[in-house]
Amino acid sequence: MKINTKQVGNVTVLEVEGKITIGAGDLALRQAVQQALDGGGQNLVIDLGRVTTIDSSGVGELVSSYTSATNRGAKLKLARIPPKVNDVLTITQLITVFDVYDTVDEAVRSFA
Amino acid sequence: MLDSARGRSPVPDESDEPRVHLAIGSRFENIELVQVVLEDALEGMGVDGDTRHWVGLAVREAVANAIKHGNRQDPGKQVEVDWGVEGHELVVHVRDEGEGFDPDHLGSPLAPENLLRPNGRGIFYMKSFMDTIDYAPGPTGGTEVTLRKRVAGRPAEALGIPQEGQ
């Protein structure tokens, strides 16, 4: 799993590629989000467009990232959720918790 | 990854039907091996891509639970996985060497107080992706989870099981 972090104006975009699964991808995501928050990021977008698989640990990490951001007064939004990842989030009703956008541009603009 | 896997060999079960058997050390990276071998086998059976994905994800969850909660990530303890076809059902067994497990005490991940918990969704997902999930004490201790799913394609034929009318 790879994560590329880029800055678009005052929004930090985390581009995730591969599997967000136990033992590797989940930890990488945690570190990337933590790094963005520690760096003072207040507006975060996780771009899931190139995620192939997410398991319960990956879902747990998304939830932890969301609550970490919220507890720090930051906002975390999701963009480009692939259908199978969307199914996984829908089954556990988490899709209603996250702020979700079809494109990264829409997610970035939502912070304006 | 492969060094701690004992390998893959078709072994007969009690009904003498061919089954695939894997034994892996309790490391999370070995979950990838199980998923690759399982999904490759399902593809060979003619099982469609969506079903392969969801079965693979369910078995990933079962193996992850066996490694994390059953064997507590002790690499000296093994997780055994085997699968085969019974009628038109794919039947997967995952066994650990842990101290047992009572699934009845799990809270629902959909309960408002649990919705934002970082864990507690694995078994719920397994139940969602498969037809049935059953937990029982393993034959030599530990816990055995049995996952069943009716599969389309030609699973029995692919495994050499005689079909009706043949």
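Right-handed here means that, with the strands pointing away from the viewer, the path from the first strand over the helix to the second runs clockwise. When I say helix or strand, I mean DSSP runs numbered from the N terminus: H or I with at least four residues for helices, E with at least two for strands.

Before I go on, this is a predicted model, where local features need pLDDT of at least 70, side-chain atom pairs count only at pLDDT 80 or more, and totals for chains, interfaces and linings use all residues. Residues are numbered from 1 along each chain as its sequence is written, while chains are lettered from A and ligands numbered from 1 in the order in which they are written.

Back to that unit. Strands 3 and 4 of chain A run parallel, joined by five bridges, and in there L44(A) has L76(A) in strand 4 as its bridge partner. Two strands count as paired if DSSP finds at least two bridges between them.

Now, what does the chain pass through on its way from strand 2 of chain A to strand 3 of chain A? It goes through helix 1 of chain A, and that β-α-β crossover is right-handed. Strands 2 and 3 of chain A pair in the parallel sense too, over eight bridges, with E17(A) opposite R50(A) in strand 3. Strand 3 of chain A is mostly covered, with nine of its twelve residues buried. Buried means 20 or more other C-beta atoms within 10 Å of a residue's own, with C-beta atoms placed from the backbone.

Let's zoom out to the sheet. It's an open one in chain A, five strands in the order 1-2-3-4-5, with mixed pairing. At the edges sit strand 1 (2-8) and strand 5 (99-101) of chain A, each pairing on one side only. Strand 5 of chain A pairs with strand 4 (residues 75-79) in the parallel sense over three bridges, and A79(A) stands opposite Y101(A) there.

Helix 1 (residues 25-38) of chain A packs on this sheet, touching strands 1, 2 (11-20) and 3 (43-54) of chain A, and its direction makes about 175 degrees with that of strand 2. Those angles run from 0 to 180 degrees between N-to-C directions, and axes are lines fitted to C-alpha atoms, for helices over the stretch in contact. Contact means C-beta atoms, placed from the backbone, within 7 Å.

How do helix 1 and helix 2 of chain A sit relative to each other? Their axes come within 9 Å and cross at roughly 10 degrees, so the two helices are roughly parallel, a label for angles under 35 degrees. Residues making that contact include L29(A) and V33(A) from helix 1, and E61(A) and S65(A) from helix 2.

On to chain B, which has four helices and six strands, in the pattern β-β-α-α-β-β-α-β-β-α along the sequence. Buried residues make up 37% of its 166 residues.

Last bit: where the chains meet. The contact takes 19 residues from chain B and 17 residues from chain A. On the chain B side, helix 2 (49-70) gives the largest share, five residues. That side divides into eleven nonpolar, four polar and four charged residues. Nonpolar covers Ala, Val, Leu, Ile, Met, Phe, Trp, Tyr, Cys and Pro; charged is Asp, Glu, Lys and Arg; the others, Gly among them, are polar.

How values were computed
Contact = placed C-beta atoms within 7 Å. Parallel < 35°, antiparallel > 145°, perpendicular 65-115°, else oblique.
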